[in-house]
Amino acid sequence: MTGLVVVLAIIGVVIVAGIGIYNGLITLRNRADNAWAQVDVQLRRRYDLIPNLVETVKGYAKHEREVFQKVTEARAQAINAGTVGEQGQAENMLSGALKSLFAVAENYPDLKANQNFLMLQEELAGTEGKIAYARQFYNDTVMKFNTKQQVFPSNMIANMFGFKEKEYFEIEEPEAKEPVKVEF
Amino acid sequence: MYEQITRNKWRSFFLILFFLCLIFALSWAFGELTGWGTEGLIIAVVIAVAMTFGSYYASDKIVLAISRARPVKKEDYPYLYNVVEGLAIAAGLPKPRCYVIDDTAPNAFASGRNPENSVIVVTTGLLQKLNRAELEGVIAHEMSHIKNYDVLVQTLAVVMVGVVALLSDWTLRTFFWGGGRRRSRDRSGGGGNAAAIFIVVALVLAILSPLVAQLLRLAISRKREFLADANGALLTRYPPGLASALKKLSADREPLEAANKATAHLYIVNPLKDFKGKVNKLFSTHPPIEERIAALEKM
């Protein structure tokens, strides 16, 4: 009689532990998905800031059409990017275009003193930082999920229920890794 | 980085464990003398928790009031605001409320019972004297305190000090003034030598334990500081930022007017005095800055 009870108890413990592991995997996976979506939130914030910035600079530097065009085009491309690789490349081009814009603004002392412009400049710098931090956080959550997906004993549950390893955010395109050229 | 984080986590865990053993030893001693060991322990815990609960629960509001900090508006300090928001994203925490203290002494602290009710406070001196990388290092350190629930850990340590203080006080009182059931029994019964040894051990424990408890609390505080340094470096992925900030802060030894002994342990560097010398080091809430810089440079 006791033998049966012991066996049932052991089975019960294993099942409870298994449920715990499964739920842990779900939680970590959802955190990683959420972190990925949060990167988009920051990217969107950058896209929203840019038209404002362009208008402010146009007020002082009407003749620099080329730069404005580059920025507007790069922004449109980034918004419409498809795969992760495309987006990374488009983002890099947008950063380059913005750098050109700020370099041009250096020639207009009235613009540099404009409070609105300074505020936008700081906002953009802050947003670039937040995009980087959001990507870093995404990679951190992916690391936690992948670790749990791979270590024993949770790897057994992971394989049983089809939890796949997640990809880190990486710059895939070699062009995106090169230093950005600032041209006037 | 990861090794230092794991090491400091284990060390603070073992310090707390040792603290608990001390408490149980003391309540055993109390029990030996009076026969009310378990009750004494329970009452001491209840009293210590009651005394500390208010200050823990409202820790964010209390420190703000004591330090005369004023809230930060995004328009006034956009740079600070963006740094805090960015690091909160990196840590996966809700953004803490930001405050400044008007003082040229550079320093910073964080408080709050949990991440949802947390605050980060910096002095205007800090904002003026540190560059971007250094400020990010300092804020990352403070953010790590919030993430590690260090206010809770410190409160736990303070409660345990309180329990030890109460139990040792009662033990000594009972011994000198009588009142325990067990003592008269031991006197009249046999086994006199064993009883005498018990009593000596209990006395030594009762006399020394408050001091040991304070040392343990301070040791825990120092380990949590190292842990916050390491976690902060993990947030920024740039240990030299915080190392450089600490170097600047140690060079600027102007005392912070708004700080006092009650709040000193919360600040990133000891705002009152930097303790040098081996014995003094044991009584400091913060590790010596040279050791913190050395640990960061090893990462």
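Biologist: How are helix 1 and helix 2 of chain A oriented to each other, roughly parallel or roughly antiparallel?

Modeller: This is a predicted model, so keep that in mind. Packed pairs like this get described by the angle and the distance between their axes. Here the axes of helix 1 (residues 2–60) and helix 2 (residues 65–79) of chain A come within 11 Å and cross at roughly 170°. Anything over 145 degrees gets the label, so the two helices of chain A are roughly antiparallel.

Biologist: Which residues in helix 2 of chain A meet helix 1 of chain A?

Modeller: From helix 1 of chain A, the partners are Tyr47(A), Ile50(A), Val54(A) and Lys58(A). The residues of this helix 1 and helix 2 contact split into 7 nonpolar, 1 polar and 2 charged. On the helix 2 side of chain A you'll find Phe68(A), Val71(A), Thr72(A), Arg75(A), Ala78(A) and Ile79(A).

Biologist: What classes of residue does chain B bring to its contact with chain A?

Modeller: Chain A puts in 9 residues and chain B puts in 10. Sorted by class, the chain B side has 5 nonpolar, 3 polar and 2 charged residues.

Biologist: Over in chain B, is Ser221(B) buried or exposed?

Modeller: Ser221(B) sits in helix 9 (residues 192–236) of chain B. The cut-off for burial is 20 or more other C-beta atoms within 10 Å. Ser221(B) has 21 such neighbours, so Ser221(B) counts as buried.

Biologist: And how much of chain B is buried?

Modeller: Chain B comes to 12 helices and 4 strands. Of the 299 residues in chain B, the buried share is 44%.

Key: Residues are numbered from 1 along each chain as its sequence is written. Chains are lettered from A and ligands numbered from 1 in the order in which they are written. This is a predicted model: local features need pLDDT of at least 70, side-chain atom pairs count only at pLDDT 80 or more; totals for chains, interfaces and linings use all residues. Two residues are in contact if their C-beta atoms, placed from the backbone, lie within 7 Å. Ala, Val, Leu, Ile, Met, Phe, Trp, Tyr, Cys and Pro count as nonpolar, Asp, Glu, Lys and Arg as charged, and the others, Gly among them, as polar. Axes are lines fitted to C-alpha atoms, for helices over the stretch in contact, and angles run from 0 to 180 degrees between N-to-C directions. Angles under 35 degrees count as roughly parallel, over 145 as roughly antiparallel, 65 to 115 as roughly perpendicular and the rest as oblique. A residue is buried if 20 or more other C-beta atoms lie within 10 Å of its own, exposed if 12 or fewer, and partly exposed in between; C-beta atoms are placed from the backbone.
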